[in-house]
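Thanks for coming, everyone. Let me put the model up, and then I'll walk through it piece by piece.

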Amino acid sequence: MEKHCTDSRVKGVSTGTTILAAVFDGGVVIGSDSRASVGEEYVSSKTINKVIQVHDRIFCCIAGSLADAQAITKAAKFHLSFHSVQMESPPRVMAAASVLRDLCYKNREELQAGFMTAGWDKKNGPQVYVVALGGMLINQLVTIAGSGSTYIYGYIDAKYKPNMTKEECLQFATNALALAMGRDNASGGVAHLVVVTEKGVEHVVVPGDKLPKFHDE
Amino acid sequence: NVKEFCGSAVRGIINVETVVNRVMNKLSPLHDKIYCALSGSAADAQTIAEIVNYQLDVHSIEVGEDPQVRSAATLVRNISYKYREELSAHLIVAGWDRRNGGQVFATMKGLLTRQPFAVGGSGSSYVYGFVDAEYCRGMNKQECQQFVVNTLSLAMNRDGSSGGVAYIVTIDEHGTEEKVILGNQLPTFFDQ
């Protein structure tokens with residue numbers, strides 16, 4: 001049976017995942033699906049966690065080759081811990097995002113990954129930064145990336161509100177990931193969510209059967 | 001009565017550098033109470049719609065009554081399937097008939113399926129999540145129109161090939177109503 005290539009509706013490189021980060025009143029939620037795929041046919045892991053901790057209150061998510069993701073975050077963790085020793089204080093989220101941006105920009109020929117960095121620091125509170133594929137750094141309130149993200153742009157635009165409560169934001173993020181996983185075959189598994197606030201870090205894992213169901217399921 | 005509707009965002013585009021027409025109406029009547037929404041190559045889609053319009057007229061004379069929506073969709077599907085290698089257009093067929101009320105059929109690449117709602121075209125990828133979350137069976141006419149307008153607005157906001165005005169056609173047992181919503185009257189969302 002021959003394979004038909006349908007038009008690519010993904011902007012830029014197709015990276016099989018869905019990741020999202022959103023700011024709420026007092027913190028950020030950062031989340032991802034858990035599917036790792038090789039090509040478009042084989043799921044090599046159903047439960048991989050794509051939300052990576054680079055410092056106590058700073059996390060990042062990478063859409064792209066998972067090998068690149070692990071290599072970059074390892075380098076970033078080292079840079080950041082050195083930086084925080086030099087400054088004698090926890091690093092700012094902007095510092096973490098800049099470190100990742102520099103790594104991304106210097107290696108933009110070889111890398112195929114988009115980053116988002118989210119966290120909390122004392123100076124600016126909760127923040128989300130996006131490093132786009134070429135190395136541009138932007139601060140946004142809510143951001144999504146990965147192949148599954150195209151299907152939820154409309155949902156995010158319609159449903160995100162600034163200054164939500166933590167519960168509302170968690171529900172929003174879970175719904176968005178569930179909708180993306182429902183339509184994108186390169187995203188799936190469980191939803192990994194991390195909530196970062198001044199008080200600390202909380203991991204929430206929503207297994208596949210507990211994800212919200214929508215009208216056709 | 002579940003009424004199922006289709007709307008269409010509007011901008012005709014031939015290649016990525018040129019906008020040829022900013023206000024093309026992509027809703028084409030196939031019969032009094034059956035319309036189709038065009039997407040993909042405008043030339044292919046318009047031609048299919050014209051051919052099916054003619055075939056449906058002949059069919060409705062032969063059976064002596066108004067055609068069913070499923071018949072119209074089948075005619076579209078037959079053309080889409082026969083010429084699937086050459087054509088690149090997707091038509092969504094929707095309408096009302098006495099037998100089954102409001103119906104929506106998708107006919108992409110020759111597959112015919114009846115669905116509660118259908119989205120298509122380049123802007124559709126961005127709103128799959130939204131329509132999955134927001135659609136519910138048993139909406140009334142106003143709710144459904146609002147749902148369609150919201151969906152179009154969100155898609156037009158994100159898709160570079162969609163924009164301009166929104167054309168909405170509402171079909172039920174009482175008749176057909178066409179409406180145009182200008183760009184600045186569309187609902188706005190976060191970040192606009």
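Helices here are DSSP runs of H or I with at least four residues, strands are runs of E with at least two, and both are numbered from the N terminus.

A word on what you are looking at: this is a predicted model, where local features need pLDDT of at least 70, side-chain atom pairs count only at pLDDT 80 or more, and totals for chains, interfaces and linings use all residues. Residues are numbered from 1 along each chain as its sequence is written, chains are lettered from A and ligands numbered from 1 in the order in which they are written, and side-chain values use heavy atoms, with hydrogens and water left out.

H4(B) has 18 residues, which at 1.5 Å a residue should span 26 Å. The expected span is 1.5 Å times one less than the number of residues. The end C-alpha atoms are 26 Å apart, so the two values agree. Which residues of H4(B) are buried? Among them are B:Cys144, B:Gln145, B:Phe147, B:Val148 and B:Leu152. Buried means under 20% relative accessible area, exposed means over 50%, and partly exposed is in between, with a 1.4 Å probe and protein chains only.

Now the aromatics. Over all chains, the structure holds 10 aromatic pairs. Rings of Phe, Tyr and Trp (its six-membered ring) pair if their centres lie within 6.5 Å; planes under 30 degrees apart count as stacked, over 60 as edge-to-face, and the rest as tilted. Take B:Phe117 and B:Tyr135: ring centres 4.8 Å apart, planes at 50°, so the pair is tilted. This pair links distant parts of the chain, 18 residues apart. B:Phe117 is in the loop between strand S8 (113–115) and helix H3 (128–134) of chain B. B:Tyr135 is in the loop between H3 and helix H4 (141–158). B:Phe117 is buried, at 9% relative accessible area. B:Tyr135 is buried as well, at 5%.

Next, B:Phe130 and B:Phe147. Their centres are 6.5 Å apart and their planes at 15°, so this pair is stacked. B:Phe130 lies in H3 and B:Phe147 in H4 of chain B, so the pair ties together parts 17 residues apart in sequence. Both residues are buried.

There is also a ring cluster. Ring pairs link A:Tyr155, A:Tyr160, A:Phe172 and B:Phe190.

One charge over a ring: B:Arg84 lies over the face of B:Tyr81, 4.2 Å from the ring centre. The test is NZ of Lys or CZ of Arg within 6 Å of the ring centre and within 35 degrees of the ring normal.

On to chain A. Its secondary structure comes to 4 helices and 12 strands. Of its 217 residues, 50% count as buried. Of its contacts with a separation of 6 or more, 63% are between residues 24 or more positions apart. Contact means heavy atoms within 4.5 Å.

Where does the annotated active site fall? The UniProt annotation, from an unreviewed entry, covers A:Thr17. UniProt positions are in the numbering used here, feature names are shortened, and annotations may be inferred rather than shown by experiment. A:Thr17 sits in the segment before strand S1 (19–24) of chain A. A:Thr17 counts as buried, at 2% relative accessibility. The side chain of A:Thr17 makes a polar contact with that of A:Asp33, at 2.7 Å. A polar contact is a pair of N or O atoms within 3.5 Å; within protein, one must be able to donate a hydrogen and the other to accept it, and residues adjacent in sequence count only if both atoms are side-chain atoms.

Now backbone angles. Most residues other than glycine have a negative phi. A:Glu88 is not a glycine, yet has a positive phi of about 55°. A:Glu88 is in the loop between helix H1 (66–87) and helix H2 (93–106) of chain A. A:Glu88 counts as exposed, at 73% relative accessibility. B:Lys109 has a positive phi of about 55° and is not a glycine. B:Lys109 is in the loop between strand S7 (101–106) and S8 of chain B. B:Lys109 is exposed, at 55%.

Last stop: B:His31, in strand S4 (residues 27–31) of chain B. Buried or exposed? B:His31 counts as buried, at 16% relative accessibility. Its contacts beyond four places in sequence include B:Leu56, B:Asp57 and B:Pro67.
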